[in-house]
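Hi,

Here is the structure I promised to pass along.

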Amino acid sequence: LQASAEAIAASRDRPQDGIALEEVARITASMIERVHVAETQLDSATREASGLREDLEAARKDARRDPLTGLPNRRAFAESFAAQINAGSQLCLAMCDIDHFKQVNDRFGHQVGDRVLKAIGDTMAKHSGGHLVSRYGGEEFAILFSGLTLEQADAMLTVAREATAGRFFRTRDGDSPVGHVTFSAGLIALRE
């Protein structure tokens, strides 16, 4: 723009008015073209930034999700726990551990063990009334019951335990019986 302004000022000093107007028109057209190019580049950069923001949000979600079970992971649990504690929510916490899980892996392999983990996580989530069920690590799960008394949380946890114990697992390829798999849990009501 500075160069264009100087060119216009220089053209005013010329004696032929026709040439000065022609020069102004040329400079104006050049400035309009530059503005269009800048707008196109800005639009492209804006779209790219939007895509990067979406990718970042997806990565954040993935960082808080257990890839095997699809449940929230330990990090997501810790963040939710801290947020609910800070909000003063009435909380009960259940820590769950699959009984004798090492034997499932040793006898049937890790693929079967992974399927059992996923199935048990799904069952816990299905019977936990929308409360936070997360894979805490290995064969451990944590359930954060919010707004329930200890008795209500215990009743819900018992339903999840019974539903899990009622399932009979088989291997996918050989249809060999894996059997019933259970989990043990500890439950506590959190106080200030």
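His 100 sits in the loop between β1 and α4 (101-108); helices here are DSSP runs of H or I with at least four residues, strands are runs of E with at least two, and both are numbered from the N terminus. Its phi is positive, about 55°, although His 100 is not a glycine. Most residues other than glycine have a negative phi. His 100 is also exposed, with a relative accessible area of 59% (exposed is over 50%, buried under 20%, partly exposed in between, using a 1.4 Å probe and protein chains only).

One caveat: this is a predicted model, where local features need pLDDT of at least 70 and side-chain atom pairs count only at pLDDT 80 or more, while totals for chains, interfaces and linings use all residues. Residues are numbered from 1 along each chain as its sequence is written, and side-chain values use heavy atoms, with hydrogens and water left out.

Now the sheet: it is open, with four strands in the order β2-β3-β1-β6 and antiparallel pairing (a pair needs at least two DSSP bridges). β2 (132-137) and β6 (183-189) are the edge strands, each pairing on one side only. Strand β1 (residues 91-98) pairs with β6 over seven bridges, and Cys 92 has Ala 189 in β6 as its bridge partner.

As for the cysteines, Cys 92 is buried at 1% relative accessibility, and Cys 96 is buried at 2%. The structure has zero disulfides, meaning pairs of cysteine sulfur atoms within 2.5 Å.

Cheers
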